[in-house]
Amino acid sequence: MSTGSSLLALSLKGLRRDLRAGDVRALFVALVLAVAATTMIGFFLDRLDRGLTRQAGQLMGGDIKLEQSDPFGDDLRDTLRNAGLTLSDQVDTVSMVSRGDAFQLASLKVVDGAYPLYGKLRVDLGEGIIERAAGPAPGSVWIAPRLAQLLDVAIGESVQVGQRELTVSGLIDREPDQSAGFASLSPRLMMRLTDLEATGLVRPGSRIEYELLAKGTPAAVASVGELLTRLRQQGVEVEDVRDDQPQLGSALTRAQKYLSLSGLAAVLLAGVAVAMATRRYVDRHLDTAALLRCFGASQRQLAQLFAWQLAWLALAASVVGALLGLVGQAALLALLARFLPLTLPAPGMLPLLLGVLTALAVLVGFAGPNAAAAPAACQCAQVLRRELDPLPASAWLVVTVAGLVFGALLWLYSGDLGLAAALLVGGLIALVVLWGLGWLLLALVLRLATRFGARGGEASRALRLGASQLARRRQASLGQLLAFAVTFAAMAIITLVRGDLLSAWQTQLPADTPNYFAINIQPGEREGFSDILDQVADTRSALYPMVRGRLTAIDDRPAREAVPEAHRNDNALKRELNLTWRKTLPESNRLVAGRWFDTDTQVAAGSVPISVERGLAERLGVGLGDSLTFTIGSDSVTGEITSLRDLDWDSFRPNFFVIFPPGVLERYGHSYITAFHLDAGAHGDVLGRLVAAYPGVSLLNVDAILARVRELLAQVTRAVELVLGFVLLAGVSVLYAALTASQTLRAHESGLLRVFGAGQRLLSRVQGVEFALLGFTSGLMAALLAEGAALGIYAGWLDLAPRLHLWLWLVLPFGGALLIGVIGHLLSRGLRRQAPVQSLGLLGEG
Amino acid sequence: MSDIRDTYAASAATIPTLEARGLGKQVTSGERQLTILDDLDLCVMPGESVAILGSSGAGKSTLLALLAGLDTPSHGELALFGTALPALDEDGRAALRAGRVGFVFQNFQLLPTLTALENVMLPLELTPGRDHQQRARDWLGRVGLGERLDHLPKQLSGGEQQRVAVARAFVTRPELVFADEPTGNLDRDTGSAIIESLFALNREAGTTLVLVTHDPHLARRCQRCLRLDGGRLVALEPDEVQA
Ligand SMILES: Nc1ncnc2c1ncn2[C@@H]1O[C@H](COP(=O)(O)OP(=O)(O)OP(=O)(O)O)[C@@H](O)[C@H]1O
Ligand SMILES: [Mg+2]
């Protein structure tokens, strides 16, 4: 056993022998479970994440959208294509469209053959609405039903676009990429790029926007990041799929955070399972180590031997687990196709690697230090009397190494070092608190059991015996309590957050969410417009005055120089901002710093207080007390930031980055904006009246966007449910694994009680009491843990209002008692039937 | 079975604590059938002390487990306290043992997670009563472990563990004690002390003792010595017993 290869052979032999032992099988199963769960959830998350991103991409028209007022050059196209991106050209403009005497302004969307990069159009080609993955054929156009109505044109007839006559071949019901650009104010006409030149619309001075849309893998998109930055600097408007989707923003980020939270929970559960199984494995290996040491093995040889054995075990479990994960993922696909109408991209290899890595890390983290420390600590004399345990030094080593490994995994899964560190420290503190609490609870149980169980019949004897058995098993029970508490808490948190997320999403877009925006309402029209809205709309936002101004200076320095380098190209610096004034804080805005302006006194005193949206303030690198100067027309106004606000971008109401107090902006030219909701039935009639009475007011319908967002939320909801199912399943498997691991000890106990004369009924009651108490106590601890963790997660991460969940304190203890009771009962049914010789192993393997 | 009982009823007018006739135990390991016990007869009267000797692997532990109803014989008749064991189910056998039978295992079978005191208390806790702890303490004191109450088995030496096992077997004041090499790990003095308490109980409370031992010192103290050989029991005269 001196050479490396014979050590290898010995370790392999050891593994083979090991697999005969129950504890190694338990460890093996736990590892397989861990790998399978993490790969499967990893796969799922990966694909779902990419699917959701693709949805957002669909809303935007592509993963990347470039926009400028000149055609894009071929060099750029080549570069993008070489990066693996698929391109689509699009031209947007507004033009008069006519048929006979009827004229109507239409917003033109000129597309190429690659359109749409994502999703499908819903269009009526004369035989009802169908889905098409392409735009109109050359020579023909598709138009919005409203335009058809206004021009009195039917399918098959033709319209005049510029100098070209084109046939109307379809009526557009919905475009996959309907963004809220103001161009869509006028009804849509979609045509082919090949017909554009003949229309003669492309002339110097005409307002035309050229768009280049690109679709590709996240890697491909990432690979052109630098190019995009350069383009931004050249004045090209660049949209990346993750930016600039405010309507989806918070819902999507929350959903993604939820999914990664679930991934974390799965890893945590896997860790618990492995930790539970490792203990006995390590215990037994201490004996072997001691024996080998007595036979003359050196410390180094022992350390190497165990390292090899662990490696073999991890390798074998990884392969089996990864295969299971792959199979599970394929099964998942079938499920997904039914529940989740997203077209998901093919699985990446990363999750597979991640799963295997996770298992290895968890195994090394939990079992490694013990196995490594064992030979060093063991000396023959101690060994044979088994005085090794507990090894204080190695216990700390285990916690440290396992903690570090787990922290690294947290980091890997959340991609946020600060968060990972906070979670780790929080987790360690929680563990210590729970340990202490568990210790106290067990002591209490023991006390009560010895005090009150003495008299009475068999039932109370069972109660006393079960309780004291549990409490006396000290370390083992404490370990199980912690494991179960963590498991229950993980299951509870994932369930809790799901419920709160879903209700947040439901309240986010109620049925009467504004579906129309009205802009350009003149001050003189304000009263009248508002009166009509009061009559016809079931909800409407306030009318906000709107003044357009450009941010030119921050604290008296030119704005471009004052902001952090990374944000020099922020849209807020390039475009005019919409400014408003208001006495009170707008609906669905939240003050996060400073104070809302209370009186006009500040204005009178010469300094103008302003309120700024937090995100903008962060990008501009400004805070309370800084001053912003806006150029409005030929004038300039300076305000000092006195408050920061959070906005609900998904509220579908007018939102403003900067709000002034009344009395400052009134003298500049302004118009009003509002949002309101009209029932589907009322549309045509009411809109007709509004348009007739206020021809200058532009109405923008966001029904399509709303529908998209709702659909997306529904899909995300289903995804969340599925993931929840996984986590719950993983949790139950952990319970099962942990109870299986403790089975040998229980077998021993029940065998002895049998020898002393206990009947099956008593045994079953004793064990029932034990399991129920274990479940109840760990449920109680889990409620505490879950409540604390949820508080932190809500406030610190998901940006949801924290709340208490009183029902947790009932459901977890009683549910825990029931769950552990049932699993435990099922597991130990066989034990109670066995003759003592078998359960005690009096003869045989002993 | 009834004829055995008649025989003894005639001679002693008491029900034997233990009687076996034609008792056999076979096990199959792999393809081979192994006969451990073969057509064995035994009768132990209340208050008797019996030593069973035999070479290693002779089947002594197997016999003890069978007699205590911890295992089922392949064939033969067996009665404990006058009740036929093979007719009972696992529960019935356990109920028969409860509070009446003590057992010292050859490998002690202490629960590793319980302290010495808790291990000894365990059988008491199956019965009603409140002075469990005191009784367990007393017994641990009698086997010389009064100072080691809170130690876990792994913190005790082999002999100390054995003494805990002995205390656990006696703590319920059973009518019958089976002990598989109760002094096997003990030095002569400690062994003698244990033997003294065994026989004190035998004298005072009339406890029946069935002991497996290699220790001639212990064997000679018993009223009867039997040797297990070839699956059967053969009576030995006390002076045939040697170290
Ligand atoms: N379930 C079983 N399967 C296979 N062999 C068994 C089984 N039970 C007992 N044996 C065998 O029966 C024989 C008797 O075992 P037992 O433990 O009764 O011997 P013993 O007389 O107590 O020996 P020792 O003095 O060494 O304790 C042994 O050879 C043992 O291997
Ligand atoms: Mg034996």
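Trainee: In this predicted model, what makes residues of chain A and chain B count as being in contact?

Mentor: Contact requires heavy atoms within 4.5 Å. By that criterion, 36 residues of chain A are in contact with 35 residues of chain B. The two chains bury about 3,200 Å² between them, with 58% of this area on carbon and sulfur atoms.

Trainee: Why is the meeting of B:Asp91 and A:Arg754 called a salt bridge?

Mentor: The cut-off between a side-chain nitrogen of Lys or Arg and a carboxyl oxygen of Asp or Glu is 4 Å. The N to O distance for B:Asp91 and A:Arg754 is 2.4 Å, so the pair falls within 4 Å and qualifies. The count between chain A and chain B is 2 salt bridges.

Trainee: Which helices of chain A each supply at least two residues of the side that touches chain B?

Mentor: They are helix 14 (458-472), helix 23 (743-755), helix 24 (760-798) and helix 26 (836-840). Helix 23 of chain A gives the largest share, 7 residues. By class, this side of chain A has 15 nonpolar, 7 polar and 14 charged residues.

Trainee: How do you know which atoms coordinate the magnesium ion (ligand 2)?

Mentor: Donors must be N, O or S atoms within 2.8 Å of the metal. B:Ser61 (OG) and B:Gln106 (OE1) lie at 2.0 to 2.2 Å, so both qualify. B:Ser61 belongs to helix 2 (residues 60-67) of chain B, and B:Gln106 to the loop between strand 6 (101-104) and helix 4 (116-121), 45 residues apart.

Trainee: Why is B:Ser61 called partly exposed?

Mentor: Buried means under 20% relative accessible area and exposed over 50%. B:Ser61 has 22%, so it is partly exposed. B:Gln106, at 42%, is also partly exposed.

Methods: Residues are numbered from 1 along each chain as its sequence is written. Chains are lettered from A and ligands numbered from 1 in the order in which they are written. This is a predicted model: local features need pLDDT of at least 70, side-chain atom pairs count only at pLDDT 80 or more; totals for chains, interfaces and linings use all residues. Side-chain values use heavy atoms; hydrogens and water are left out. Buried area is the accessible area (1.4 Å probe) that two parts lose on being put together, summed over both. Helices (H or I, at least four residues) and strands (E, at least two) are DSSP runs, numbered from the N terminus. Ala, Val, Leu, Ile, Met, Phe, Trp, Tyr, Cys and Pro count as nonpolar, Asp, Glu, Lys and Arg as charged, and the others, Gly among them, as polar. Donors are N, O and S atoms within 2.8 Å of the metal (3.2 Å for Na, K and Ca); water is not among the atoms, so sites may look incomplete. Buried means under 20% relative accessible area, exposed over 50%, partly exposed in between (1.4 Å probe, protein chains only).
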